[in-house]
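User: Can you walk me through this one? I'd like to start with how the chains meet.

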Amino acid sequence: MASNPMYQFNVYRIGPEIKIGEIDLSFTNASLFMVISSLAVLIIFNLGSKKNSLIPNKIQLLAELSYTFVSKMISDTAGSKAKPYFSFIFSLFMFVLFCNMFGMIPYAFTVTSHIIVTFVLAAFIFVGVTVIGFMKHGFGYLKLFVPSGVPVVLLPLIVVIEVISYLSRPVSLSVRLFANMMAGHTMMKVFGGFVISLGIVGGWLPLGFSVALTGLEILVAFLQAYVFAILTCIYLNDALNLHH
Amino acid sequence: MFFKFSQVALFYFFVFSKVNSAESGGMPQLNPEFWFSQIFWLIVTFGFMFIVLAKLVLPKISENLETRKAQISDNIENAEKQRLESENKIKEFDNLILQSKNEAKNLFNQTREKILKDVDKKRESLEKEINEEINKAEKDIETLKNNSPEKIRKIAIETSSDLVKQLIGVDVNQSSISAIVEDISKRRN
């Protein structure tokens, strides 16, 4: 069973079964890694903000660089109006990044490789952005679906496409992250399996692939967290600054 | 658009393949057994992290960045101020040096003039003295010169009268001798 590349994505209960009514809310390995990731974020950024020295130490530098990185990303894509949502996007980016990165540790569980987790995040963003859009512009937000400068003949078709595209946002957002993480980890598992099955003679090639894939996956882990955050910013930009 | 659509298609493909192969391994992601648990723990952990970050940590980091910015700009301002001050000081110092140089020059010139004047004065007085001496000596010489023919004549008259007396034992008239001496000395001249 352990040689099955999908086995690593199994969720199992840790500790007692917790049930509220019919709903199972047990603490699982997924929950464990969510707790680890969020605590790691909190610890690092708490340490990084504790002491304020003129010349920052390493951890303070890390915290401040991350802060300016995310804040620049938000102001570049969504403008200054998006400032109140900085904390949320920062938390989102850090949570996804740390979950991805903890997933890179061998035998660790990757929280973001589960569609339900990424989908809940994406759905929350979708609902939140839609609510913000309607709160800022009222029904004028629906103008988002009517791009300017389009021939009237094409308008019905364009509007339908825009609506579908808008509604598919949470799906594309969540599937992009989940599929990337799952595919990468599955591939690494498969190549790791090749190393064992080909033995001392033929195992070197897949081992090299495994090493290269590890580097690639670390890149992907960062990139996907970045993409997740920047797409959130872009959606937020649509809601805050209606361009159409 | 096509990319998004293909992603949607992929998603549904996963869902249906899960339904078809529910019990034969398949994807653990599509097993709904722990979905609610994951949602619940995601909300708890992410929510907790978000609240702590938003309320405690991020304001502090932002404050740290602001104070650093303020401190650095303050320091730059101070440095600018001190630079200007030191420039002023250097100017003052330069002026002082220039002034003292001028003073020294003046003093030097004055002293030199004074010394020259003194020297001139002394030289003048010395020259005067020397001239006086010379004049006096010239006068003396002049008087001597003027007196000498008279004396010579006298001596010549006396000597010639003595000589005549010794030679011929006759007292010759003084006046005739003097006439002869005069005549001779005139001829010589």
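Predicted model: local features only at pLDDT ≥ 70, side-chain atom pairs only at ≥ 80, totals over all residues.

User: How many residues of chain B are in contact with chain A?
Analyst: The count is 36 residues of chain B, against 43 residues of chain A.

User: Which helix of chain B gives the most to that side?
Analyst: α2(B) does, with 25 residues. Both α1 (2-20) and α2 (35-168) of chain B supply at least two residues there.

User: And by class, what is on the side of chain B that touches chain A?
Analyst: It has 24 nonpolar residues, 9 polar and 3 charged.

User: At what angle do α2(A) and α2(B) pack?
Analyst: About 95 degrees, with the axes 10 Å apart. Angles from 65 to 115 count as roughly perpendicular, so α2(A) is roughly perpendicular to α2(B).

User: Which residues meet there?
Analyst: From α2(A), Ala63(A), Glu64(A) and Tyr67(A). From α2(B), Ile61(B), Asn64(B) and Leu65(B). By class, this contact has 4 nonpolar, 1 polar and 1 charged residues.

User: New topic. Which residues touch the most other members in the largest nonpolar core?
Analyst: That core has 61 residues. Ala30(A), Ile89(A), Leu92(A), Phe93(A), Phe95(A), Val96(A) and Leu236(A) touch the most other members.

User: Where does the largest share of this core come from?
Analyst: From α3(A), with 10 residues. Other helices supply at least two residues each, including α6 (169-202) and α7 (204-240) of chain A, and also α2 of chain B.

User: What does Ile89(A) touch, leaving out residues up to four places away in sequence?
Analyst: Val70(A), Ile74(A), Ala229(A), Thr232(A) and Cys233(A).

User: Back to α3(A). Is the helix mostly covered or mostly uncovered?
Analyst: Mostly covered. Of the 18 residues in α3(A), 13 are buried.

User: How far does α3(A) reach?
Analyst: It spans 25 Å from its first C-alpha to its last. That is close to the 26 Å expected at 1.5 Å a residue.

User: What about the loop between α3 and α4 of chain A, which residue should I look at?
Analyst: Tyr107(A) is found in that loop. Its phi is near 70 degrees, a positive value in a residue other than glycine. Most residues other than glycine have a negative phi.

User: Is Tyr107(A) buried or exposed?
Analyst: Exposed. Tyr107(A) has 5 C-beta neighbours inside 10 Å, and 12 or fewer counts as exposed.

Methods:
Residues numbered from 1 in each chain as written. Chains lettered and ligands numbered in written order. Contact = placed C-beta atoms within 7 Å. Helix = DSSP H or I, 4+ residues; strand = E, 2+ residues; numbered from the N terminus. Nonpolar A, V, L, I, M, F, W, Y, C, P; charged D, E, K, R; others polar. Core = buried A, V, L, I, M, F, W, Y, C linked by C-beta atoms within 7 Å. Buried ≥ 20, exposed ≤ 12 C-beta atoms within 10 Å, placed from the backbone. Expected span 1.5 Å × (residues − 1). Axes fitted to C-alpha atoms, helices over the stretch in contact; angles between N-to-C directions. Parallel < 35°, antiparallel > 145°, perpendicular 65-115°, else oblique.
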